[in-house]
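Hello,

Here is the structure I promised to pass on. Please open it alongside this note.

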Amino acid sequence: MTVRSPITHFCRNFRLADLVTIMNGFCGSFSLFSSAQFLLTNDECHLWNAHLFPLAGLLFDFFDGKVARWRKSSSMLGQELDSLADLVRTPLFRFYLSTDT
């Protein structure tokens, strides 16, 4: 009986839609970092980035469902990643932007 390593098992279940979902999470994270950087420096460039990254994340959120339906594949990992990315992008983004006044 052979034992599979968890890393190989994880990579095998990783789908293209999961990659798009991870990009959504990155956009949410970069929005938070840009908001924090704006609070430290008062540079409006960071404020604009903090506003634009969630919009890009919204596009990735839209396309991850499209890609999953197009590829006719879904996974529990993708569902959990989608929930986590939405949590990072939406409410935390609003909290950080509300602190700049």
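This is a predicted model: local features need pLDDT of at least 70, side-chain atom pairs count only at pLDDT 80 or more; totals for chains, interfaces and linings use all residues.

Helix 2 with helix 4

Helix 2 covers residues 16–41. Its axis comes within 8 Å of the axis of helix 4. The two cross at roughly 20°. Angles under 35 degrees count as roughly parallel, so helix 2 is roughly parallel to helix 4. The crossing is left-handed.

Which residues of helix 2 meet helix 4? They are D18, T21, I22, N24, G25, G28, S29 and L32. On the helix 4 side they meet L77, G78, L81, D82, A85, D86, V88 and R89. By class, this contact has 6 nonpolar, 6 polar and 4 charged residues.

Helix 3 with helix 4

Helix 3 runs over residues 44–71, and helix 4 over residues 76–89. Their axes come within 11 Å and cross at roughly 160°. Angles over 145 degrees count as roughly antiparallel, so helix 3 and helix 4 are roughly antiparallel to each other. This crossing is left-handed.

Helix 3 makes the contact through P54, G57, L58, D61 and D64. Helix 4 contributes D82, D86 and R89. How do these residues divide by class? There are 2 nonpolar, 1 polar and 5 charged.

Best wishes

Note on methods:
Residues are numbered from 1 along each chain as its sequence is written. Side-chain values use heavy atoms; hydrogens and water are left out. Axes are lines fitted to C-alpha atoms, for helices over the stretch in contact, and angles run from 0 to 180 degrees between N-to-C directions. Helices (H or I, at least four residues) and strands (E, at least two) are DSSP runs, numbered from the N terminus. Angles under 35 degrees count as roughly parallel, over 145 as roughly antiparallel, 65 to 115 as roughly perpendicular and the rest as oblique. A crossing is left-handed if the near helix is turned anticlockwise from the far one by less than a right angle, and right-handed if clockwise. Contact means heavy atoms within 4.5 Å. Ala, Val, Leu, Ile, Met, Phe, Trp, Tyr, Cys and Pro count as nonpolar, Asp, Glu, Lys and Arg as charged, and the others, Gly among them, as polar.
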